[in-house]
Amino acid sequence: MKRQWSNAGNAYHLYRSRKLLLPMICDALRGKYRFSFFTLLVLILCLAYLIFPIDLLPDFIPFIGWIDDGVLLFLLLRQLKRETVRYRQYKEKNKMSLLLK
């Protein structure tokens, strides 16, 4: 069963940690948490790619036109997975520091 999810590990991890995504974004917007540079870069590139109509590979070509979209989705999911792990560690560290005070 684990082998089945290994190919979709990033998406599955995000699904399991979906309750962390909104607090992570809210904390980042409030200035309590800071995204890594690479996460910000991937988010900005993905948003820019969605907004601008220019495609590296045109989507009207079946399958080949979806490769660039798939690569960006993969990068975004992988980086959000890493960021949620980092955020969970950040929250646990803050919780421990509050307990020690």
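View 1. Apart from neighbours within four places in sequence, Leu20 is in contact (heavy atoms within 4.5 Å) with Thr84, Tyr87 and Arg88. The model is predicted: local features need pLDDT of at least 70, side-chain atom pairs count only at pLDDT 80 or more, and totals for chains, interfaces and linings use all residues. Residues are numbered from 1 along each chain as its sequence is written, and side-chain values use heavy atoms, with hydrogens and water left out. Leu20 and Tyr87 also belong to the largest nonpolar core, whose five residues are Leu20, Met24, Tyr33, Phe35 and Tyr87. Such a core is a set of buried Ala, Val, Leu, Ile, Met, Phe, Trp, Tyr and Cys residues joined through side-chain atoms within 4.5 Å. Buried stands for under 20% relative accessible area, exposed for over 50%, and partly exposed for values in between (1.4 Å probe, protein chains only). In soluble globular proteins, nonpolar side chains tend to be buried together.

**View 2. Whole chain, for orientation.** Helices (H or I, at least four residues) and strands (E, at least two) are DSSP runs, numbered from the N terminus. Buried residues make up 22% of the 101 in the protein. Of the contacts between residues at least 6 apart in sequence, 66% join residues at least 24 apart. The protein exposes about 8,300 Å², and 70% of this area comes from carbon and sulfur atoms. Accessible areas come from the Shrake-Rupley method with a 1.4 Å probe; for residues, only the protein chains shown count as cover.

**View 3. The salt-bridge network at Asp27.** Asp27, Arg30 and Lys91 are linked in a network of salt bridges, each being a side-chain nitrogen of Lys or Arg within 4 Å of a carboxyl oxygen of Asp or Glu. The N to O distance is 3.6 Å for Arg30 and Asp27, and 3.8 Å for Asp27 and Lys91. Because Asp27 lies in helix H3 and Lys91 in helix H5, the latter pair ties together parts that are 64 residues apart in sequence. Arg30 and Asp27, by contrast, are both in helix H3 (residues 18-30), three residues apart, about one turn of the helix. Asp27 is buried at 8% relative accessibility, Lys91 is partly exposed at 40%, and Arg30 is exposed at 56%.

**View 4. A salt bridge within helix H5.** The structure holds three salt bridges, one of them between the side chains of Arg86 and Glu83 (2.4 Å, N to O). About one helical turn separates Arg86 and Glu83, because they are three residues apart in helix H5. Glu83 is buried at 1% relative accessibility, whereas Arg86 is partly exposed at 34%.

**View 5. A nonpolar surface patch.** Leu56, Leu57, Phe60, Ile61, Ile64, Ile67 and Val71 form this patch, with about 690 Å² of accessible area together. Patches are made of residues with over 30% relative accessible area and no salt bridge; like charges are joined within 9 Å, and nonpolar side chains (Val, Leu, Ile, Met, Phe, Trp, Tyr) within 5 Å. Leu57 sits in the loop between helix H4 (37-51) and helix H5 (67-100). Its relative accessible area is 31%, so Leu57 counts as partly exposed.
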